Amino acid sequence: MRSAKRLLQQCRPLGTQLEEVVGLGGVRTMITDLKAAMAAKIPKEQERLRELRKECGPKALGACTVEQAIGGMRGIPAMLWETSLLDPEEGIRFRGHTIPELEEKLPSAKEGGEPIPEGLLWLLMTGEMPTVDQAKAMPTVDQAKAVTELLRERSKVPDHVFKVLRDLHPNTHPMTQLCQAVLALQVDSKFAADYRAGIHKSKYWEPVFEDSINLIAKLPTIAAAIYRNTYKGGELIEADPKLDWAANLSHMMGYDDEGCLEMMRLYQTIHADHEGGNVSAHATHLVGSALSDPYLSFTAGMTGLAGPLHGLANQEVLRWLNEVRAEVGDNVTKEQMKEFVWATLKSGKVVPGFGHAVLRKTDPRYTCQAGFAARNMPDYPLYKLVALLYDVVPDILIQTGKVKNPWPNVDAHSGVLLQYYGITEENFYTVLFGVSRALGVLSQG
C-alpha cells in the first residue's frame with residue numbers, strides 16, 4: 001500500500017506545490033516549544049486539508065487490480081502520509097528532505113557528527129528544519145536542544161513498568177517485553193482520560209501530543225531495561241543528563257564508546273519512518289483511527305514489527321553473512337564471492353539485504369551507513385565483506401533477469417554496525433528499530 005501523495009500532485013486547487021497544500025508550510029517559526037510550534041500551525045493545516053477534500057475529493061487515485069488486492073494492496077495509493085515519501089530513485093524523503101540532506105542540515109551532538117533524532121522529531125512534527133544557534137559554529141542548540149530537554153524531563157519510567165518487565169518469563173522475547181512495557185504505561189494516557197471527560201474533537205491533538213512525547217521520552221529507558229534484564233543480569237544503568245536521547249539509549253545499554261553513541265544517533269534517525277504502507281506504520285495509524293490512544297496504537301505497530309517479514313531482515317542478513325564467512329573465510333576474492341553468490345541463487349535461495357519493493361537504486365540509508373563504517377571500522381571483516389558484496393551481487397542479480405532492484409537496502413548494513421560495537425544480541429535489534437520507528441508513526445498522529 002502506497003501513499004497517495006505522489007498522485008495528489010496532479011490536484012492543486014490552491015495553485016501551489018503539493019507540500020504547500022498538504023504539508024505544514026507557512027511562515028517559519030522561531031518558537032522553541034514543540035507543542036506551541038504545532039499549535040501555531042495546526043489551524044492552517046486543518047484548513048488546507050478541508051480545501052483539499054473540497055476541491056479534489058471526487059477525483060480518483062487510480063485503478064486497483066485483482067493481483068494488487070490479493071497481494072496485500074501493494075502499489076495502491078490509499079492513504080495520506082505526510083511525514084515521509086518513498087521515491088524510487090532518491091529513496092526516503094522526510095518532509096521532503098533526502099537522507100544526504102538530513103545529514104547535512106539536521107543538528108548534531110558534535111561538530112561534523114551524525115544527526116540527532118530530536119532534530120528529526122521537530123522536522124517530522126512541524127515540517128520545518130529546527131533552528132540553530134547562529135552565534136556558534138555547531139548546530140547543536142535551539143529547537144533541537146529544546147526537544148532534548150523536553151524528552152529528558154519526561155523520561156522517568158514508573159516503577160510498575162519495571163515490575164512488569166521483571167515478572168515476565170525469562171525467555172520472553174524482547175519485542176514482547178517492549179509491547180508489555182508500553183501497555184503498562186497506558187494507565188497514564190492523557191488522551192484516554194480526556195476522552196472520558198468529554199474533550200471536544202478539535203482538541204484531540206493536544207492529549208495525543210502529550211501521550212506521544214511521553215512515550216517517545218520513555219522508550220530509551222524501557223529498551224535499555226529490556227536489554228540489561230535479558231542479557232546483562234538485570235543491573236540497570238541510570239541515564240546521563242548530559243547526553244541526548246539516542247546517545248542515552250546506548251549509554252543505558254552499557255555502551256559508552258563515542259563511536260557507538262554516534263552510531264546510535266544515526267541508526268535512530270534513519271529508521272524513523274518509511275511511508276505509511278509498511279506493517280508497523282499502517283497498524284499504528286489504523287488502530288489510532290479508532291481513537292485508541294498512542295500507547296495502544298504504538299503497541300499494535302510493534303506487534304507487526306516483530307514479524308519475521310518486517311523487523312527481522314537485518315538478522316537474516318547477519319546470519320547469511322556468517323554463513324558466507326564460514327564457507328569462504330574473511331580473505332575471499334571477488335571471483336570466489338561471485339561463485340558463492342551464483343551457487344546460492346542456483347540452490348533456490350535469495351541473497352538477503354538486496355532488493356526493495358519500491359526503490360530502484362541503492363537505498364540511501366545503506367549508503368550513509370556504509371560511509372559511517374568506512375570512517376569508523378574500515379578493517380572490520382564484516383564491513384569488508386558487505387563492501388565486497390556490494391561490488392558483486394547487483395551485477396549477478398541483473399544477469400538473472402528476474403530482479404527489478406538489485407541494489408542493497410538498509411538491512412544489508414545495520415546489523416554490521418551493531419555487531420562492531422559489541423551489541424551482538426540479534427533478538428534485540430528489532431527493539432532498537434521500534435524505538436526509532438516511534439518518531440515517525442507518532443508524529444503522523
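This is a predicted model: local features need pLDDT of at least 70, side-chain atom pairs count only at pLDDT 80 or more; totals for chains, interfaces and linings use all residues.
In the unreviewed UniProt entry, the annotation "active site" covers His310, His356 and Asp411. These residues are spread over 102 residues of sequence, yet they cluster in space, with a largest C-alpha distance of 12.4 Å. His356 lies in the loop between α17 (334-346) and α18 (364-376). When residues up to four places away in sequence are not counted, His356 touches Leu86, His274 and Asn405. Asp411, by contrast, belongs to a helix, α20 (residues 411-420). With a relative accessible area of 17%, Asp411 is buried. Its contacts, again not counting residues up to four places away in sequence, are Ala313, Asn314 and Val317.

The strands β3, β4 and β5 form an open sheet in the order β3-β4-β5, with antiparallel pairing. The edges are taken by β3 (84-87) and β5 (97-98); each has a single partner strand, so one side of each is left without a neighbour in the sheet. Strand β4 (residues 91-94) pairs with β5 in the antiparallel sense over two bridges. Phe94 stands opposite His97, a residue of β5. In general, strands of a sheet pair through backbone hydrogen bonds.

Helix α14 (residues 279-288) contains the buried residues Ser280, Ala281, Ala283 and Thr284. The buried residues of this helix pack against α15 (294-305) and α21 (429-444). An α-helix has 3.6 residues a turn, so residues three or four places apart point the same way.

The largest nonpolar core comprises 111 residues, of which Met253, Leu321 and Ile423 touch the most other members. Helix α11 (residues 205-231) gives the most to this core, contributing 13 residues. The core lies between domain 1 (152-309 + 425-444) and domain 2 (313-419), because both domains give residues to it. The contacts of Ile423, not counting residues up to four places away in sequence, are Tyr227, Met253, Tyr255, Cys260, Met263, Met264, Leu418 and Tyr429. In soluble globular proteins, nonpolar side chains tend to be buried together.

Technical notes. Residues are numbered from 1 along each chain as its sequence is written. Side-chain values use heavy atoms; hydrogens and water are left out. UniProt positions are given in the numbering used here, feature names are shortened, and annotations may be inferred rather than shown by experiment. Helices (H or I, at least four residues) and strands (E, at least two) are DSSP runs, numbered from the N terminus. Contact means heavy atoms within 4.5 Å. Buried means under 20% relative accessible area, exposed over 50%, partly exposed in between (1.4 Å probe, protein chains only). Two strands pair if DSSP finds at least two bridges between them. A nonpolar core is a set of buried Ala, Val, Leu, Ile, Met, Phe, Trp, Tyr and Cys residues joined through side-chain atoms within 4.5 Å. Domain bounds come from an automatic or database domain assignment.
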